[in-house]
Amino acid sequence: VAGGASAAVGTGDGRLEGRSEGNRAELSMVDVDQLQRELETVERLLRGCEKENENLTEQNRHLRQSARLKREEVDGRQLQLIAELNAAKTSADTNPASMRRVAELER
C-alpha cells in the first residue's frame, strides 16, 4: 500500500486488522464506547432479573405461608370431625337411636 497507509482487512467480527496506529486508537475508542453501552445494557438486564427474582421469592413465601395455613385449617377440621365421629360412636353404643348421627358423620 502506497504512502505509508496500511490496509484494513475485516476479521468477520467487526474488527479491522492491519490498521495504522491513528486508526487503531480511534477505532479502539469506538470499540470501548460500544462495549461500555453493551455493559450498561447487560447490567440493566441483570438488575431487572434480580428484581424479578426478589418478587418471585416473595410470592413463593406468601404461597407457602398460605398453603401452610390452609393445611393447618384442614387438619384442624379433620380432627374436629374425628372427635365428633368418635363421640357419636360412643353415644350410639349406649343409644341405638344415635346410629343415624354416626352414619351422617361417616359420610
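The report covers the fold, the model confidence, the salt bridges and one further residue.

The structure is a predicted model, in which local features need pLDDT of at least 70, side-chain atom pairs count only at pLDDT 80 or more, and totals for chains, interfaces and linings use all residues. Residues are numbered from 1 along each chain as its sequence is written, and side-chain values use heavy atoms, with hydrogens and water left out.

**Overall architecture**

Two helices and two strands make up the secondary structure of the protein chain. Helices (H or I, at least four residues) and strands (E, at least two) are DSSP runs, numbered from the N terminus. The protein chain has 107 residues, of which 6% are buried; buried means under 20% relative accessible area, exposed over 50%, and partly exposed in between (1.4 Å probe, protein chains only).

Among the contacts in the protein chain with a separation of 6 or more, residues 24 or more positions apart account for 0%.

**Confidence of the model**

The predictor's confidence in each residue is given as pLDDT, from 0 to 100. For the protein chain the mean pLDDT is 80, and 71% of the residues reach 70 or more. Of the elements in the protein chain, H1 has the highest mean pLDDT (91), whereas strand S1 (residues 9-10) has the lowest (46). Over residues 1-10 pLDDT stays under 50, and the model has 15 contacts beyond four places in sequence for this segment. Where pLDDT is low, the predicted coordinates should not be read in detail.

**Salt bridges**

A search of the whole structure finds three salt bridges, each defined as a side-chain nitrogen of Lys or Arg within 4 Å of a carboxyl oxygen of Asp or Glu. Side chains of opposite charge can pair when their charged atoms come close.

| Glutamate 58 | Arginine 61 | 2.3 Å |

Glutamate 58 and arginine 61 both belong to helix H1 (residues 21-94), where three residues, about one turn of the helix, lie between their positions. Glutamate 58 is partly exposed at 34% relative accessibility, and arginine 61 is partly exposed at 46%.

Glutamate 72 and arginine 68 are also both in helix H1, four residues apart, which is about one turn of the helix. Glutamate 72 has a relative accessible area of 45% and is partly exposed; arginine 68, with 35%, is partly exposed.

Glutamate 73 and lysine 70 are separated by about one helical turn because they are three residues apart in helix H1. Glutamate 73 is exposed, with a relative accessible area of 51%, whereas lysine 70 counts as partly exposed at 48% relative accessibility.

**Methionine 99**

Methionine 99 is part of helix H2 (residues 99-106). Its relative accessible area is 47%, so methionine 99 counts as partly exposed. Methionine 99 and alanine 88 are eleven residues apart along the chain, and their C-alpha atoms are separated by 7.8 Å.

Note on methods:
Contact = heavy atoms within 4.5 Å.
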